Every structure is written in C-alpha cells, then in structure tokens.
Amino acid sequence: MTTAVAPWSLTENASLQHLNTFHVTAHAPRLLRVADPAALPEALATVVGQAPLLVLGSGSNVLIAADPEGTVLAFDNRDITILEHRADHAIVRAGAGVIWHELVLWSLGEGLSGLENLALIPGTVGAAPIQNIGAYGAQVGEFIQTVEAWDTREQAWVRLDQDACLFSYRDSVFKQDADRYLITAVEFRLPLLNELRLDYAGIGEQLDAMGIALPVAADVANAVIAIRRRKLPDPDVLGNAGSFFKNPILPLEQVDVLLQHYPQLPVFPGNDPGNRKVSAAWMIEACGWKGQRDGDAGISPNHALVLVNHGTATGAQLLAFARRVSASVLETFGVPIEPEPRLIGARW
C-alpha cells in the first residue's frame, strides 16, 4: 500500500536552518512546500496578502542575514525525464526540486554531455538558471532550452526560451526580476558528444594525475569533483555557499593599470573584447584574508572566495565579515567585489 503525497503543505513558524547551506539559524512565518507544481496556484491562494514570497531550494546561493517576512516557498518535485532523443542531442526536463549534482550524474549515466564541468555545484535545478551557475569554463545557460515558471505578475504559466532568460555572467532575468518568476521545471538541450573543456583551472592536470589521456565527459566530471572536494569545503561539514564573491569584470584600461602594479594578478577573458575578468580570490588572499576568522565567521583556508560559518555565526555576522573583506580589497586595489549569493534581509 502506498501513501499518497499531498500536492502541497503549509507550516507556520518554520525553521530554515535546513534550507540554507550556511546553516544559520533563521525562521519564516510560513513555509509552503509544493510537490506538484500543478497545484501551485491553489497553494499560493492560501497565502495571498502575506507577501513577500521567498523561494528556497537547498539555500546554497543565499545568505539569510535576518528572518524573512512573509512566506518561504520550497519545491519538492524531483522528476527527470527525456522529452526527445535525437541523433546528436536529447531534451531533458527536470523538476525544480531535483538536486543539481544528481541531474549531472544522471545525464552522464544516460550518455549525455555538457554538464560535466558543473558537477558537484550545490543547489537545486530550480535555482540553477537564476544565478546562471557556472564553473570551470561552462555556464548552465548554454544548455538551457526552456524554463517553465509561474509568472506572479501575470498570474499565468509561462515558458521562457534561452533568449528570454537573458543569461549573462552569474545573471539572468530571474535574478534581475527576482520576485516575478517561480521556476517549476527546466528543460535542457544536452549533446551526445560535447566538445570537452579541459583548459580551465587545473582540469588537465587533474586528468593527468588520474592517468587519463583520452577523457570522456564522465572523466571530466570526476576531475571537477576531485578539484572541488580538494578546494571547497563540504557544506554539510562547514557551512558555506561556495564562492561568495564574484570575479569583477573590468575595462581593459583599468586591467592594464592593475597589471603594471600587480603583474601576478590572474586575468581571464571578459564578456566582450573591451573588458577582462580578474581574480577576486587572488586579491582577497593578497589582502591577507584567506583562512582568517572573527568568531565563527571567516574565509576558508583552502579558497579565498569562500565565506564560511565555523559553527554558530549569524547571517548578520557573516555579512559583516564579508563587507570587511570587500572594503579591504577596494582600499588596496581600487576594485569593488560583490557577493554571488542573494542576500536575504539585508543589502550589500
């Protein structure tokens, strides 16, 4: 005998500690969990007038600096299906509640490629388009064909194609208009044979160490997993949200001046020929912040971009520490650095 799963549920005064990877203590007046997206309009009707509405997946890209007001929404739909299988690609649909890394492993198991460089990124599928998550030379927006969402402004279901998503570096229409779209599913166009990206952040060296001369997509994923486990703390062990600071994109003229004073500063291609991306991690480490802490708020000793909670730091304490790091980089290099995660209950 199987027990039917309720399409949605509502809990009052709900703890959010299990819904953010910093593991900060926080509570929401209401927590709305939706297992069946078709029931979303009905579920939302029960909290009308109790806005704002905050969507959390696993909370891997947020810092809760203060208890949110209104209702927190979490999706529990975890279905993955192949909609089309063509000679050179497949269209894969994943529910918003699917754990991102599980989708990556599933796609590789199905003989599909494209997501291998994005292995082990924490979070859910529904959160991936918002930040246009990226790592090791790849961004998820490259492989997204359609995002399905409930448009809270129009009170209607919408399907946004890749162009409508306005993907750019760590950005999208979902981030720009944060309260409008409630993402319920994402459809990916995944090639059977994708050109492997091996020239970024030590992937080639890791493959050599693994004794792999002719890698396939799964090998690249395993290399990325090894690198990430070596560099980035496990959120289940040490609270964090991965890279907290974005690498700033600067005009060529400013980069040239910086390189005159700091020739070791790592520089990467920007989003157009007139700019370059510079390493926030290098600047943070040069300012002496790597491995430093104040109480339980600190920077990881293994990676200067990673803000960590060593135990019982509050979201406000973590934010205050991050602001000190940013102010130090600005004073030393004249370069502002900004957070990747969304701030809840505070502004940068």
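Predicted model: local features only at pLDDT ≥ 70, side-chain atom pairs only at ≥ 80, totals over all residues.
Two strands pair if DSSP finds at least two bridges between them. The protein chain comes to nine helices and 20 strands. Its radius of gyration is 21 Å, close to the 20 Å that the globule rule gives for 348 residues, so the chain is as compact as a globular protein of that length.

**Overall fold**

- The C-alpha trace of the protein chain spans about 65 × 50 × 40 Å along its principal axes.
- Of the 348 residues, 49% count as buried.
- Take the contacts between residues at least 6 apart in sequence: 62% of them join residues at least 24 apart.

**The five-strand sheet**

- Strands of a sheet pair through backbone hydrogen bonds, either parallel or antiparallel.
- Here five strands form an open sheet in the order β6-β7-β12-β10-β11, and the pairing is antiparallel.
- Strands β6 and β11 (156-161) are the edges, since each pairs on one side only.
- Neighbouring strands in this sheet are turned by 20 degrees against each other on average, with direction ignored.
- Strand β6 (residues 80-85) runs antiparallel to β7, and five bridges join the two.
- A hairpin of three residues connects β6 to β7.
- Within this pairing, H85 stands opposite A90 in β7.
- On to the next neighbour: seven bridges join β7 to β12 (residues 181-191), again antiparallel.
- There, V92 stands opposite F188 in β12.
- Strand β10 (residues 144-151) is also antiparallel to β12, with seven bridges between them.

- Strand β7 (residues 89-95) is mostly covered, with seven of its seven residues buried.
- H89, I91, R93 and G95 point one way from β7.
- A90, V92 and A94 point the other way.
- Residues on both faces are buried.

**Aromatic pairs**

- A pair of aromatic rings is described by the distance of the centres and the angle of the planes.
- The model holds 13 aromatic pairs.
- One of them is F22 with F244: the ring centres are 6.4 Å apart and the planes stand at 70 degrees, so the pair is edge-to-face.
- This pair links distant parts of the chain, 222 residues apart.
- F22 lies in the loop between β1 (8-15) and β2 (27-34), while F244 lies in the loop between β13 (239-243) and β14 (249-251).
- Both F22 and F244 are buried.
- W150 and W157 form another edge-to-face pair, at 5.3 Å centre to centre and 75 degrees between the planes.
- W150 counts as buried because its relative accessibility is 7%, under the 20% cut-off.
- W157 counts as partly exposed because its relative accessibility is 39%, between the 20% and 50% cut-offs.
- Ring pairs also link F22, F244, F245 and W348 into a cluster.

**Cysteines**

- The count of disulfides is zero.
- C165 has 0% relative accessibility, so C165 counts as buried.
- C287 is partly exposed, with a relative accessible area of 22%.

Conventions:
Residues numbered from 1 in each chain as written. Heavy atoms only, no water. Disulfide = S-S within 2.5 Å. Buried < 20%, exposed > 50% of the residue type's maximum accessible area, 1.4 Å probe, protein only. Phe/Tyr/Trp six-rings, centres within 6.5 Å; stacked < 30°, edge-to-face > 60°. Helix = DSSP H or I, 4+ residues; strand = E, 2+ residues; numbered from the N terminus. Axes fitted to C-alpha atoms, helices over the stretch in contact; angles between N-to-C directions. Rg over C-alpha atoms; globule rule 2.2 N^0.38 Å. Contact = heavy atoms within 4.5 Å.
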